[in-house]
Amino acid sequence: MIETLQRAPSRGPADVPLPQQLARLDVSRLRAYRENLDFYHGQQWLEPRRRERRLTFNYAKTIVEKTASYVISGFSSLVDPVDGSPEELERARRAERVLQEAQDANNLDQLDFDNEIDCSVLGDAAYKVTWDAREERVRVSAPDVQGLYAWWLGDDPGRVWRVASRYTLSREEAEAFLAPLTEAPLPAGKQGGAEHTVVEVWTDGEFQLWLDGVLFQEQANPYGFIPFVIYPNLREPKQFWGVSDLEAVKEPLRELNRAVSQLSMILEMSGNPIAVLENVTEARDIAVQPGAVWELPEKARAYLLDLLQGGGVGLHVEYVNVVMRALHDLAEVPRSAFGENRQALSGVALQMELDPLLKKVQRKRLIRSAALRRRNEMILRILEQQTGERLVPYRSRIVWGPVLPQDRSRLVEDETRLVAAGIHSRRTAAGLLDVADPEGEWERWREEEGSSTG
């Protein structure tokens, strides 16, 4: 929250407040968010619940979280120097240390994983990068996209010129982070309210803060850019908002729940068989139990209904397997990703088995890389503004870890050859080998070599 805001002048009654405009925007997008969240939390039956048994196998949650684990499987931010001069080398190393400090201070490892799950479920996610004047550091957060609205140029969804963020604060939080509300020109019904709606509106040049529908504060944007990074899960061509991973698996999961629930009822009824009486007008004390004796009138017949005869259960099981195969195909998460490896595949064979998942992760990482580079740029820009330290040109590179488990000794050998051939730098190789501080490790190695030769 920006603490140096100035009280905004009141607007005329003819102006339509922006919060009222937000209430009519993106209705279908917000409805899809709510439906996807409900589905992710296990509300997967369309019809109202009746008396019969309804089982829910929440593969949606499992697939989303497993895919997120593959996508966010270790990455690092590297800053390459503009040239080989000592000044540029030191600037690049300093920028890397700054980004690592922001990573640690904001617990971005956990935030990135949570944001990845949110992005996969809803279809969109966002980062917000601001300066925390109280703690004197960059603060990175992940606002709920259900409260975000974006405006972009009609022919270029990549050029966002305005972003609005809507959220709620308790009265105590509003008093602590904004100003004494007794002085605020709030609506009559909100003066003593326990909860207040806040809307932040950002453009490159201006910042506005609306409180309960009233323009409360307004000033020039202190950063000079919109401090939001909004990115999609997977984007349809020419669209700004993304597509949830759940859209492809909703129908197979609903059918799986229905088919297994039906099979469960059949097995339960077979374990408690139904007694069928023919040519009997009245029956009492008919018990299906060992040693039971039934007295039937002449020409009457009694038998137990066998629902398992004719291989009916096998047909149900085969149908469930067909639905499961369709589910894994549409989710692009093969059974091998769940630990099932009946053919004991390894190496290239296992990689080919998991190729659909690898392609899915690759598509997502392309989008995540752009978002993370933009987030890094914002961190460096804000720190330069607040500290005066030169960190231009604000460029960084995202190095992702391997998706599949690697033979580390083989990877070390490959990177050694690539470094020796001049194809990879030592820092790139160290990043691929998950070295947390490549430059620090290099300096420590040089110190050890110097002491040993001396």
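How many bridges join S4 to strand S5 (residues 156-170)? The points below answer this and then turn to a helix pair.

1. The model is predicted, so local features need pLDDT of at least 70 and side-chain atom pairs count only at pLDDT 80 or more, while totals for chains, interfaces and linings use all residues. Residues are numbered from 1 along each chain as its sequence is written, and side-chain values use heavy atoms, with hydrogens and water left out.

2. S4 and S5 run antiparallel and are joined by 6 bridges; strands (E, at least two residues) and helices (H or I, at least four) are DSSP runs, numbered from the N terminus. Two strands pair if DSSP finds at least two bridges between them. Opposite Ala-150 stands Val-163 in S5.

3. The order S4-S5-S6-S7-S8 describes an open sheet of 5 strands with antiparallel pairing. Strand S4 (148-153) and strand S8 (214-220) are at the edges with a single partner strand each, so one side of each lacks a neighbour in the sheet. On average, neighbouring strands of this sheet are turned by 20° against each other, direction ignored.

4. Helix H3 (residues 59-71) packs with helix H10 (residues 355-387) at an angle of about 65°, the axes being 9 Å apart. Axes are lines fitted to C-alpha atoms, for helices over the stretch in contact, and angles run from 0 to 180 degrees between N-to-C directions. H3 is therefore roughly perpendicular to H10 (angles of 65 to 115 degrees).

5. Contact (heavy atoms within 4.5 Å) is made by Thr-67, Tyr-70 and Val-71 of H3 and by Leu-357, Lys-360, Val-361, Lys-364, Arg-365 and Arg-368 of H10.

Definitions and conventions
Parallel < 35°, antiparallel > 145°, perpendicular 65-115°, else oblique.
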